[in-house]
Amino acid sequence: MSLLPPQITKTIEEFSKLPGIGPKSAERLTFHLLRSSKASPEGLGKALGELKVALEYCKTCQMVCLQEECSICSDSSRDHSMILVVENPLDVVAFENTSYKGVYHVLHGVLSPIDGMGPEQLKLKELIDRCQSGVSEVIVATNPDIEGEATASYIHDQLKDKVEAVTRLAHGLPMGADIEFADQVTLRQAVEGRRRI
Ligand code: ZN
């Protein structure tokens with residue numbers, strides 16, 4: 001029998017189910033919650049208990065929201081002919097800090113056969129349905145990794161005959177980068193994605 005009281009082993013067990021949290025981290029987090037003056041088990045429990053309550057997915061872009069349609073999709077001042085496709089809701093938050101004024105589509109993942117993620121597991125059908133009319137450009141903003149590239153290529157194949165342009169975000173050097181230390185792939189993509197100044 002475990003030396004630890006059951007509420008502690010149960011909490012460790014629940015933390016261990018989260019991605020990137022192994023048994024040791026789960027133990028550390030649990031005991032941190034018991035000792036910490038800042039992080040309280042009550043506060044965490046309350047937030048988790050309310051996490052899914054009243055949460056909806058926007059019927060148009062699939063962003064998490066509290067209504068049937070999110071505030072971006074229901075904003076008539078935005079350019080609804082331009083859809084920026086992202087992997088996760090947090091990507092929308094990141095682009096909202098830029099001057100982008102089109103709308104979004106959240107896939108809720110990327111194509112990854114190893115993880116059992118095929119086209120049916122993503123919000124791809126909803127994206128294709130949206131592009132039946134009134135959309136001129138789809139900008140694919142999935143991450144520049146193998147899964148992100150495969151997803152971008154799938155979206156291009158599905159939409160190339162439905163919209164005027166399917167584009168991909170430029171890859172290249174981040175602000176503050178040192179060209180001398182950039183890897184070959186990044187440098188090649190930076191040259192390919194060059195533009196007039
Ligand atoms: Zn929306």
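Predicted model: local features only at pLDDT ≥ 70, side-chain atom pairs only at ≥ 80, totals over all residues.
Biologist: Which residues are the protein donors of the zinc ion?
Modeller: Cys58, Cys61, Cys70 and Cys73, each through SG, lying 2.3 Å from the zinc ion. Donors are N, O and S atoms within 2.8 Å of the metal (3.2 Å for Na, K and Ca); water is not among the atoms, so sites may look incomplete.

Biologist: And what is the spacing along the chain?
Modeller: The donors follow C-x2-C-x8-C-x2-C. Cys61 is in the loop between strand 1 (56-57) and strand 2 (64-65), and Cys73 is in the loop between strand 2 and strand 3 (79-86), so the pair ties together parts 12 residues apart in sequence. Strands here are DSSP runs of E with at least two residues, helices are runs of H or I with at least four, and both are numbered from the N terminus.

Biologist: Are Cys61 and Cys73 buried or exposed?
Modeller: Both Cys61 and Cys73 are buried. Buried means under 20% relative accessible area, exposed over 50%, partly exposed in between (1.4 Å probe, protein chains only).

Biologist: Switching to salt bridges. How many are there?
Modeller: The count is nine, taking a side-chain nitrogen of Lys or Arg within 4 Å of a carboxyl oxygen of Asp or Glu.

Biologist: Where does Arg78 sit, and where is Glu96?
Modeller: Arg78 is in the loop between strand 2 and strand 3, and Glu96 is in helix 4 (residues 89-96), 18 residues apart. Their closest N and O atoms are 2.9 Å apart. Arg78 is buried at 9% relative accessible area, whereas Glu96 is partly exposed at 31%.

Biologist: What does Arg168 pair with?
Modeller: Glu149, at 3.1 Å, N to O. Arg168 lies in strand 6 (residues 165-168) and Glu149 in helix 6 (residues 146-159), so this pair ties together parts 19 residues apart in sequence.

Biologist: Which residues do shared partners join into one network?
Modeller: Lys10, Glu13, Glu14 and Lys17.

Biologist: Last one: how far apart are the C-alpha centres of domain 1 and domain 2?
Modeller: They lie 34 Å apart. Domain 1 is 6-51 and domain 2 is 78-168; the bounds come from an automatic or database domain assignment.

Biologist: And which residues make the nonpolar surface patch?
Modeller: Leu44, Leu48 and Leu51, with about 280 Å². Patches are made of residues with over 30% relative accessible area and no salt bridge, with like charges joined within 9 Å and nonpolar side chains (Val, Leu, Ile, Met, Phe, Trp, Tyr) within 5 Å.

How values were computed: Residues numbered from 1 in each chain as written. Heavy atoms only, no water. Areas by Shrake-Rupley, 256 points an atom, 1.4 Å probe, with all protein chains shown as cover.
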